Amino acid sequence: MLAKNIGINEKGHLTFAGADTVDLAKEYGTPLYLVDKNGIIDRAREYMSAAETYLGAGSHPCYAGKALCYTDLYRTLEDIGMWIDVVSPGEFYTAKKAGFDLSRAMFHGNNKTDDDLKMALSMGVGRIVCDSADEIEALDQIAGELEKKPKILIRLTPGIDPHTHKSINTGTVDSKFGVAIETGDAKKLVAKTLEKKNIELMGYHCHIGSQIFECEPFCEAAEKMLTFMADMKKKLEFEAKEINLGGGMAVPYLESDKKISYTENIKAVGVCIDALLEKLSLNRPVFYLEPGRSIVADSGMTLYTVGTVKCIEGYKNYVSVDGGMTDNPRFALYQSPYTLINASHADIAPDFTATVGGRCCESGDLIQENVNLVRPVRGDTLAVLTTGAYNFSMSSNYNRLTRPALVTLFNGESYVAVKRQTFEDMTALDI
Ligand SMILES: *Cc1c(COP(=O)(O)O)cnc(C)c1O
């Protein structure tokens, strides 16, 4: 099985975190998001312990909430003392509502508005990751007005393509995010920031990409960042105290995907870092990581009810479900792979190849093409695995479909963490 929270029970039904998915579909209705809370806690703790052990005391992961964000999840993260990465005032608000201590929050974004910056400062945000010279000017002024002195990191583009990491891809210099080391802009901005009265520069941030299985791109990023840190120490007498290496560790979506150990990857990055600090004669900074996908993806599952099953002789078989690109736009956006299982008959070998589509008025509204399933009939429960990241958070009301409920599974119990949207909810702001 793809993950250890997936199983099959004596009825032949698929189970998730020990619960019968066919029963859950009946009890809560479909489409339905499931979240295995124990799975998220375990993965978050794995990251916390690996960061502390291999990257140095005080180092820690900041969960990137853009992957999955709702109030109850922030309560869980607050309980275990996790840091978070937020990208919008809406994410701030959600965390605040959960009682999350925002001094453990890192605020990102390539275009934070003045209002965003004011909100962040008034809520006592832990760190602001500044993206540009313009933002630093604005922040210095706003911080002065509010009589605050925020701690910031500067986002750098280290010029690394994680997928062809041997060659330095100058293409990443051409990005809407961050300032480039290569062009000299980063150094100029550090010098300028050090002159600001109302800002405390703590160090540097980078984020090199997503769905990265290897540790080499992270080692390469660490090398760029620490080399830059050493350069600024020499040229500007500023030795950074903090380095944020961003997110991006991969998640297996298919049985054929490589398995990944986050602890082993962090350990390997730690070895690179130890050598670099020695070579460059630097004091050890605190390191941050920003995992999003890898904290939540395999703790999520989506359940649908099968509707029409249509076989076009000589072409394809189509299975239609009661959700689609509204609850999971990722196949429509970038053909993301997923594993699908007929949850009503999980104990039988798949015998049917089908393209699974949603109910939206778009031909591209597909969940997956050409998957092998136990031939479903109307009313069967269909499960899509590993949907914890970038599904709920990217959902929409396209075609005026209401958003699914999100049910949390925890210690053998289940509860609704986000209610199913009603027609009334959906039209509440219409006048
Ligand atoms: C998207 C993003 C992350 C999280 O990436 P994952 O691939 O989900 O781990 C972390 N930091 C920043 C700045 C991001 O944009």
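Strand 1 and strand 2 (residues 14-16) run antiparallel and are joined by 3 bridges, where strands are DSSP runs of E with at least two residues, numbered from the N terminus, and helices are runs of H or I with at least four. Two strands count as paired if DSSP finds at least two bridges between them. Within this pair, Gly7 has Thr15 of strand 2 as its bridge partner. The open sheet to which they belong has 3 strands in the order 1-2-3, with antiparallel pairing; its edges are strand 1 (6-8) and strand 3 (19-20), each of which pairs on one side only.

This is a predicted model, in which local features need pLDDT of at least 70 and side-chain atom pairs count only at pLDDT 80 or more, whereas totals for chains, interfaces and linings use all residues. Residues are numbered from 1 along each chain as its sequence is written, and side-chain values use heavy atoms, with hydrogens and water left out.

## Strand 14 and its partners

Strand 14 (residues 300-311) pairs with strand 4 (residues 32-36) in the antiparallel sense over 4 bridges, and Tyr33 finds its bridge partner there in Thr302. Strand 14 also pairs with strand 19 (residues 381-385), again in the antiparallel sense, over 5 bridges; here Thr302 has Val384 as its partner in strand 19.

A further 4 bridges join strand 14 to strand 15 (residues 317-321), and these two run antiparallel, with Val309 opposite Val319 of strand 15. Strands 14 and 15 form a hairpin that leaves 5 residues between them, and Gly314 in the turn has a positive phi of about 80 degrees.

## Around the ligand

There are 15 residues around the ligand, of which Lys66, Ser210, Glu290, Arg293 and Tyr390 come nearest; a residue is counted if one of its heavy atoms lies within 4 Å of the molecule. Polar contacts are pairs of N or O atoms within 3.5 Å; within protein, one atom must be able to donate a hydrogen and the other to accept it, and residues adjacent in sequence count only if both atoms are side-chain atoms.

An oxygen atom of the ligand is 2.7 Å from an N or O atom in the Lys66 side chain. On the backbone side, a ligand oxygen atom lies 2.9 Å from a polar atom of Gly292, and a ligand oxygen atom lies 2.7 Å from a polar backbone atom of Arg293. Taken alone the ligand exposes 390 Å², of which the protein buries 93%, the areas being accessible areas from the Shrake-Rupley method with a 1.4 Å probe.

The largest pocket holds about 680 Å³ of space. A pocket is, on a 1 Å grid over the protein atoms alone, an open set of points where a 1.4 Å probe fits, with protein on both sides within 12 Å along at least five of seven lines, and lining residues have an atom within 4 Å of a point; its volume is the space filled by probe spheres set on the points, which are joined across faces, edges and corners. Its lining comprises 31 residues, with Lys66, Arg155, Phe177, His207 and Gly209 nearest the centre. Strand 9 supplies the largest share of this lining, 3 residues.

The second largest pocket has about 440 Å³ of space. Of its 20 lining residues, Leu2, Ala3, Lys4, Arg43 and Asp298 are the closest to its centre, and helix 2 (residues 37-55) gives the largest share, 5 residues.
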